[in-house]
Structures are given as structure tokens and as C-alpha cells.
Amino acid sequence: MKFMRLIWVNLLRNKRRTILTVLSVAVALFLFTTLRSVVTALDAVSEVGSEARLITRSATGITFPLPQSYFERLRAQEGVQSVSWANWFGGIYVNESNFFAQLAIDHETYLAMYPEMAIPDDQRQAFLNERTAVLVGRGLMERFGWTLDQNVTLQGTIFPGDWEFTIRAVYVPDDPSFGDQLFFFHYDYLYEGVNGNIIPGWYVIQLDDPAAAPAAIDRIDRMFENSSSPTKTETEKAFNAGFVTMWGNIGFLVKAIGTAVFFAILLVAANTMMMAGRERIGENAVLKTLGFQDGLLFRLVLAESLLITLLGGALGVFGSKLMFGPGNPVNSFIQGFEVEWSTVILGLVIATLLGMISGIVPAWQAMRLPVIQALRRVA
Amino acid sequence: MKIPILYNLRSLKERPVSTLTTAAGMALVVAVFVAMMALANGFRSALVKSGSPNNAMVLRKGANAEMYSGIARSTASTIAGMPFVARGPDNQPLSSPEVFVVIGADRLTGGMANLVVRGVSPKAMQVRQDLEIVAGRDLRSGASEVLVGEKIVDRFANTGIGETMSFGGRDWTVVGHFSARGAAFESEIWAENEQVMPVFRGEVFQSVTFRMADPASFDGVKQQLEEDPRLFLDVFRENEFYQNQSVILTFILNFIAVFIAGVMAIGAVFGAINTMYAAVSSRAPEIAVLLTLGFKPGNVLSSFLIEAVFIALIGGAMGCILTLPINGLVTSTTNWNSFSEVAFAFRVTPALLLTGMIFAAIMGFLGGFFPALKAARQPVIVALRQG
Amino acid sequence: MALVEIKDLAKVFYRDSQKIPVFDGVDLEMEQGEFLSLMGPSGSGKSTLLHLLAGLDKPTSGMISVGGANVTGMKRKELAAWRAQHIGFVFQFYNLLPVLTAFQNVELPLLLTKLSSRERREHVMTALGVVGLTDRSDHYPRQLSGGQEQRAGIARAIVSDPTIILADEPTGDLDAKSADEILVLLQQLNKEFNKTILMVTHDAHAAERAHAVMHLDKGVLSR
């Protein structure tokens, strides 16, 4: 593009103004990218989970446990490959702000059901063989600087007292949205520690065939409908999605803020372009005298505007992507938080839109500039 | 002598587009800031206003949430009989042993929520002072009835008076709605503790809340109950307990508010800097004249600073006005501490609006500082020649 | 046919619904290779005539043809393209773009052509050579003296080999020595390269450098 130099040189005309505008756009797009990533990460979490695994919990609420006898009855169902269960432990590690999920699981059946967790064979065996062993996500190891075979103590809240564990295995999930900060230990250990005063929190059921899920769900819930603990069964995916909705109307909040940010920065960018436009009235008149077409001037101004916003946009969007790379601190709250490529592209599209809208008025003015009057002003 | 403010005001009128766009940018930043702080404010109020410093709340030792606690009937009776528990006009102890469970329900606006079902004693409304039945009537002892908190009504199914809710394997008739002056209790469903207990939990309460005969003696009360080896309890002032429950979420909300508003502010300040530099540039001849007339550079500096702050304040006012409609808007989220739904209203207070204006003024000051400095340092000759 | 033909040209300005006639029924003919000066009191419409010739403005009535092309009949878009090729304009205040070097300023009209970068460079260096600015080609206007700036302006005006050069008070802002250099340059362009030049000026001495001097006064053009 032979006009590139002209456009570029116009940007450098007032370096401070150009840089500040570029930075403004960068900052806005950084914010947009980060916010949207919250939404996409939560969406991703609600996509995690197999369609061939079901979660059966108490119909009254997730906090109500289910009878142990349900285990055999669920296993006996047709199309069921295996059944396991888990309990929420809810313990405190050192202090309350070190939040992470701790689950007591029926270790053999549970681990077999979750190939998503990649565990070295020797560690897997060590975990399965030892009553007080813990299986921990890699993210958690990094977060607290734990090492393999180290002892960890949790203060019980639901189950009072101090509980001692030894880390024997570390898993890496194949999908980051699965979460790499989970803490698994033996249900038997918990059972012993409360003298048998505990029953399963919820059951996990592995089906042979995901297509059988709807029918299985129906059968299971009807089976327990009139018992002391009626159940609510759903696919694991639906279960996770439900949890995400507990946050509330985040999507709306993010959209509202995103819109405000867009307009705020639009004003900044538009103001800059208009100031630049006003300064160049005389020069634009000279260009027209030299034979530059109206339409060409329109495009040149627009190109200048786009260059600013795309530069700023790229800076902001990629800045966010780099900042929230793997292992970023937000992962503790929202598993698998990262900036997706779809968000990057959307950000660049918005930057383009920003450039076009902020440049349209000055571009139009340049196009329609009455040359003679403008020349008179210069002289 | 100071440069008259009228000069600044007139200059703003000369550049209406520039002034308005800069002010509008600031307006949006202030609006977002105030809105988010109002959100955090609302949430905090819901939990801060929950509970009274005159009441003590007792949980089993080590339980950091009501849900995890378990207190035997005998213990609850023992507590009620203690001398530091205030007595009502009927000379009965103002003590409410309560059952706390969390049930799953679907929000009418979509999505899942965990609602608190609190099994209360008949004394509960007296123990907690700000509670009021706003529709229908109070619970009848022995009946399968519930009262629904104001903030849940119309946001969940079957919450109207006369309708029937179904949970825990039983049907419950909604007989009334209650308000608690914005406290977290307004997101709860209340039933009689004796009705709830067998359905869910067996023979334990989750908490005992009582009015202290002498609120100043809290420390003594705490010591006595916690050190008794038979009882195995933790004691909190009721309001402090709820305040602590909100710590994480309040922190998150405040952090988000500051982060978002801060980032937006940077963008707005940059915009203001550009505008002010342009203003200083174009008014160089005027500045030269002012300097020639005998105004000092310091006067010029403050004059431009005032102008910048003024634009920002216009923006701030616009932004504050923008946020007024959201005051009172109800939204909800899950308080992960108590694992239950808490609905709260955006709270835009005069103090918050003032904070918004101060925020705007700071943005204006930052945006105007260097340009104002440039104006003040301007050599007179250069400016005159430019004119 | 003459290179430039102006027939019965009239131009009326409107200010707040008041009619201000500038000239009414002006005729002019210029042959290829003529160097003409145009003098007259201020407000007589000299610059307006130049603007009309360049197609920057439309007459109220009358006809202008340059190099056989009917300027008055062309549409805006056509005019711009035509002007780029056939008109070279020299301004009193040079009007160089301050953000471009002398070379880049002179190159501007060529950006509108289909010439390659290398070809453009050749033309620009040639033009700069003619005006004697080769050693200052990468200087910015602020680094040039008034006379040098105007020479760059002239180089820009001739770089696309236009049919006619229109100069509006080219020495108006220059000291005597620089003014003289510019006038010598213009004469050189006319004698050596056979350029047709129409120059508007206040300065009678400058005007005499041309083949003939015309006067525009109260809307009447006379030799």
C-alpha cells in the first residue's frame, strides 16, 4: 500500500496523542477480553462431564446424603457399567481463604470411572493401597508448593477434628475445565473416623452407552420416588452446568460492563480522530488540489483510525491472553480459566468496529471538505 | 489574583464536542464504578444487616457454617436456661434453637439455586428484632406450613400465599411472607423447627440464637459456653457471624469493582489528557495574553486544572444519574460460605455517589495535570507569535 | 485550438443571500508554451480564476477548456483525476505537508498514478534536479528555507508533467533574493521545457518576467 507511509506519518504527527489513544484502546480491550473469558470459562465448565456418566443425588438438595443400600440397587440396573460415590468434605487447610474442593471417594470404583485424570501407574497404586493416601491435582501442588509423599492436615468442619493425609498421587486432567485443584481421599478413612456415622453424598453411575442416559435417569428416579430419600438423577454434564448457574446472572453483568467499556473508549478514540481531523483541514485541501479523490481521503482517514484501534486492540487482547496463560491465579476460582481464541478474534473485531465508528465522522468531513474555503483558511 | 472561573466555563462552551465527549467517557467510567460498588454494597448490607449485636449465635465447635453444625436437644435446653439469656414479657427465654437445611430449587429466571429452609422456634421473630410479617399470617404450631422471605417471592415457583411447596418428601403450605429489612433472612424459607427436624435431620438443631440479657457481657457469655467441656460449642455475636460469612464474596465483588473501574479510568484519563493538551495548544494565544496581563504561571496552572476537574465533575454527575435507576434492583448469587442463595438489592447510597464524584475529580486532576503544567510553562513570545 | 480557452466566464459569490459578482463575461486564450502574468487589486478574482481553471470551483456560467478537455463539463470525480494529471499548482505559502520530506512531498501526486516505486523515484529525482534541490531531498520543510520550500513546491507541481502550471502569488512570501531565484526557475521551465505558465502576482516586477501581463479589474480582463 503506497499510502501507508502517509497514514503512518500522520499518526506520528502527534506521538503523545496517538500513544495515549492506542493505550486507551488497549486497556479497554484487555478488560473486555478478560471479562468475556470469565463467561467462556464458566461455559466450558458447564460443558465438562461425560454424557455417559450420571450423578444421582437427593431430590431435596445436594447437601442431603443417600442410603448406602442404593449402591447395589443402582449397580443392578441394566446398562450400568459401574457405580461409585463421593462425599463433600469441606475441610480447611491452614485458614479459610485457602479454598479447594475435597472429596471422599470410593477409591477403586471412582478412579476407574475417570480416565480423564492422568496418573502415573506407580502413584495410582500407592494411592489405592493406602487408607490415608490423597490424590491431588497438579494445580494444587503448585499452588501450595506441596511435594509427593508429604503430609497434609485438614481441619474438619462438617466432620470435626484434625484429619491427617499423605499425598501419594498427582493427576493432570486432559481438559483444564475439569479442574486441576481437586483433592481426593478414601471414603473408608472418613467412615472410620466418624465411627460409621456417614452415608454416601451422591452416586456416580457409568453407563455402557450414553444414548441410554435419558431412559436410565427416568428409571432410577422413579425407582426411588416413594422412598425415604427420593433422588434426582442427571447427566454429569447437566449436573456441572447446574452448579455454574448458582453464580447467578454473570452473563448479563459482563455484557453490561462490556457495553459501557466499548462506548467509553469509543468516545476517546472518536475525540482523538476529530481533533486530528480538525488539524489537517488545510493539508487535506492541498491534497485535493493535487488531485486526491474525495473517496481516497475518506479511506485514508478511516485507515488511520483503524490502525490506531487495531494496534491498541491487539495489544490489549494479546496482553490478556498472555497474562492469563496456564496456571494463572484465577484458576482457583474458575477452573480452566484462560483466554480462548474465539475471544481474541471477537476482540479484534470489536477493535475494528471501534476504528470504523470513531473514524467515520472525520473521514466524512475530509471527503466533503470544500477545497476553496479550506485553502483560503491556510493562506 | 486568580483567573476568573468564568473564563474556564466560557472556554468549555467554545469546545462543546470535545468537552462533552470527554465528560461522557468519564460518565461511563463513574457509572460502572458506582454500579459495581452498589452491587458489593448491596451484598454486604444483606449480610451486615443480618443479625444483631444484641444476639448471640451458638454452633457446634469447629463448624464454620450453620449447615455443618449439630446441637443436641439437651444442649439447646441447657443454653435456654442460662442466666445470661434475656427473657420476654412472658418470662420465657428469648432463645430460638433452629434447624438449617439447604434445598435445591430452580430460579424462575433460569438456573439452579440452593434455598435455605430454616426451622425456627416460635420465639424466632422476637429474638430477631427486624423481622416482620408483610403478608398473610405467622406459622401455626404443628402445621406443615412455611413463611417465605420477601426476596424469594416471585423469583421461585410456588411462593405465593396459599400455594404449596414440596420438599423433603412433604407438602408445605405458604401462609405468609416476611421482610427483614434487607437482611439475608429475606432469601430464606421458614418453617417450625419441630416440623423440619424429623423430615431432614433427625434429632439435632444446627444453631441456637438467643438475645443476651446484657449485650455488653458477650465476652463472658462466650467464654462460659465455649469452655464448658460437656457442651462443645462456638459462640458468635449474631451480626459478626453473618459478616464473616460474606468475606470471600465481598472481597471478590470489591476487587472486581476496583479492577474494572480502575482499568476503565485509565482509558478515560488518557482521553482527558488528549483533550486538555489540545485545549492548551489551541488556546496558546489566550494564555500568552493572560500572562502578559500579569497573571502568574501558577494561576494558569490552577485555572486549567480547575477546568479539567470541572469537565470530569460534569461527567461524574452524568454517571451518577445513569446509575440511579438500578438502585433497588434485586439480583442473587450463591454465597459459597453458606452454600446458599442470597438475594440482594443494588444499593446506591449518597455516600457512594459522593465517592463516584471524588473518583471523577481525581480522574480530571490526573488528566489535566500535565497539560496544565505545559500551559503554565509556556513562553509568552512563542504564544503571541502563534496568534 | 489554443491550449487554454476561456469563453464568457462568469462567477458570482453568494454571501447571506447577497449576490457578489466577481467577473462577468471574461474571455482568455493561451497557447502552448506561453508564460502569462495576471495582476489586479485584491478581491478582483485572480485566485478565483486560477481555481476555476484548475477545476477546484465551478463557474456560474461560461466554458473552460484546457488541452482540449472541457473542464466546466466534468464531474467532481473526473475533475480530481484530470487535475492530478494536467494541473500543477504552486501556492503562495508552499503548502508542503510538514510530516513528509521534500522527496515525499514531491512524490505525492505520483501516488495517484500506477507507476511503480522505482519509476516514481526516477520522476521525483528528475523534478528535484530541475529545481536544484537534489541534495535536500530528505529534509523536512521545517529544515528548508522559504526559497527551498517553494522550489520543492514547484518540483511537486511539475513532477507529473502537467499541461499547465498555475502559480498563485509564488513569490508573495519570499525575500527579494529568493523571489528572484524562483522567477528565474519559472522562466527556465518555460523556455527550456516549454511549460505553459499562468502566474497571479501583486508584484509588477515579477509580472514582467512573463511574456505578457494581464489585468483583472472590476470583472474585466485586459492585456
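1. Basis of the model. The structure is a predicted model, in which local features need pLDDT of at least 70 and side-chain atom pairs count only at pLDDT 80 or more, while totals for chains, interfaces and linings use all residues. Residues are numbered from 1 along each chain as its sequence is written, and chains are lettered from A and ligands numbered from 1 in the order in which they are written.

2. Confidence. For the complex the predictor reports an ipTM of 0.88 and a pTM of 0.83. Chain C has a mean pLDDT of 90, with 100% of its residues at 70 or more; pLDDT is the predictor's confidence in each residue, from 0 to 100.

3. Nonpolar cores. A nonpolar core is taken here as a set of buried Ala, Val, Leu, Ile, Met, Phe, Trp, Tyr and Cys residues joined through C-beta atoms within 7 Å, where buried means that 20 or more other C-beta atoms, placed from the backbone, lie within 10 Å of the residue's own. The largest such core has 164 residues, and B:V29, B:V32 and B:V34 have the most contacts inside it. Helix α2 of chain B (residues 16–48) gives the most to this core, namely 20 residues; helices (H or I, at least four residues) and strands (E, at least two) are DSSP runs, numbered from the N terminus. A second, separate core holds 82 residues, among them C:L96, C:L110, C:L198 and C:M199.

4. Surroundings of B:V34. Apart from neighbours within four places in sequence, B:V34 is in contact with B:G319, B:C320, B:T323, B:V348, B:L352, B:L353 and B:G356, contact meaning that the C-beta atoms of two residues, placed from the backbone, lie within 7 Å.

5. Chains A and B. Contacts join 41 residues of chain A to 45 residues of chain B. On the side of chain A that touches chain B, two or more residues come from each of α2 (15–47), β6 (151–156), α9 (236–245) and α10 (250–279) of chain A, and α10(A) supplies the largest share, 13 residues.

6. Domains of chain B. The domain assignment, which is automatic or from a database, gives domain 1 (5–48 + 247–386) and domain 2 (55–211) of chain B. Their C-alpha centres lie 46 Å apart, and 13 residues of domain 1 of chain B are in contact with 16 residues of domain 2 of chain B. On the domain 1 side of this contact, α2, β13 (330–335) and β14 (340–345) of chain B each supply at least two residues, the largest share, five residues, coming from β14(B).

How values were computed: A residue is buried if 20 or more other C-beta atoms lie within 10 Å of its own, exposed if 12 or fewer, and partly exposed in between; C-beta atoms are placed from the backbone.
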